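This report is meant for a reader who is looking at the structure for the first time.

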Amino acid sequence: MEWNECLNDWGTRLRGLAQGGLHYGGDGETGLVRYRRVREIALQMMDSTDCVDDGEVTEMACKLQKRVAGMTEEQVHAWGAELVEMADTGLAEGLESPFDLDRYQVIRQLGEKMQALAR
């Protein structure tokens with residue numbers, strides 16, 4: 001899978017997890033803060049890849065490549081580390097909702113993948 005596809009896939013999955021957490025989450029205000037941040041990261045990832053199209057004019061393609069190139073592997077690695085840290089915090093708090101536990105486990109797995117592929 002190419003880099004843009006990875007970013008878009010991760011962003012889509014994270015956005016879904018965050019939306020579920022914001023809507024159904026039972027871990028209080030701290031959980032809402034974490035889910036909002038997960039959603040922000042997801043939207044930034046998706047914003048960086050949503051317009052990439054092979055049929056675009058050359059000038060637009062160059063601009064998009066620069067824009068996506070601005071999404072450095074270091075940034076993705078940092079987001080991955082932040083997601084792992086947020087997930088670990090949520091899991092350590094011993095949340096009462098099994099759905100929140102599942103969401104945090106998936107967020108942690110995605111964060112780990114982001115860190116591994118962005119090295």
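A residue counts as buried when its relative accessible area is under 20%, as exposed when it is over 50%, and as partly exposed in between. Glutamate 82, at 26% relative accessibility, is therefore partly exposed.

The model is predicted, and its mean pLDDT is 76, with 76% of the residues of the protein reaching 70 or more. Among the elements, helix α4 (residues 73–92) has the highest mean pLDDT, 87, whereas helix α3 (residues 58–69) has the lowest, 48. Over residues 51–58 the pLDDT is below 50, although this stretch has eight contacts in the model beyond near neighbours in sequence. Where pLDDT is low, the predicted coordinates should not be read in detail.

Helix α2 covers residues 28–47, and its 20 residues reach 29 Å from the first C-alpha to the last, close to the 28 Å expected at 1.5 Å a residue. Its buried residues are Gly31, Arg34, Tyr35, Val38, Ile41, Ala42, Met45 and Met46.

Side chains of opposite charge can pair when their charged atoms come close. The count of salt bridges in this model comes to eight, and the table gives three of them.

| Salt bridge | Closest N to O distance |
|---|---|
| Arginine 37 and glutamate 40 | 3.2 Å |
| Arginine 37 and glutamate 82 | 2.8 Å |

Aspartate 9 and arginine 13 are four residues apart in helix α1, so about one helical turn separates them. Both ends of this pair are partly exposed, aspartate 9 with a relative accessible area of 31% and arginine 13 with 35%.

Which residues does arginine 37 pair with in salt bridges? One partner is glutamate 40, which is three residues away in helix α2, so that about one helical turn lies between the two. The other is glutamate 82, and this pair links distant parts of the chain, with arginine 37 in helix α2 and glutamate 82 in helix α4, 45 residues apart. Through salt bridges that share partners, Arg37, Glu40 and Glu82 are joined into one network. Within it, arginine 37 is partly exposed at 23% relative accessibility, and glutamate 40 is partly exposed at 43%.

Definitions and conventions. Residues numbered from 1 in each chain as written. Predicted model: local features only at pLDDT ≥ 70, side-chain atom pairs only at ≥ 80, totals over all residues. Heavy atoms only, no water. pLDDT = per-residue confidence, 0-100. Contact = heavy atoms within 4.5 Å. Expected span 1.5 Å × (residues − 1). Buried < 20%, exposed > 50% of the residue type's maximum accessible area, 1.4 Å probe, protein only. Salt bridge = Lys/Arg side-chain N within 4 Å of Asp/Glu carboxyl O.
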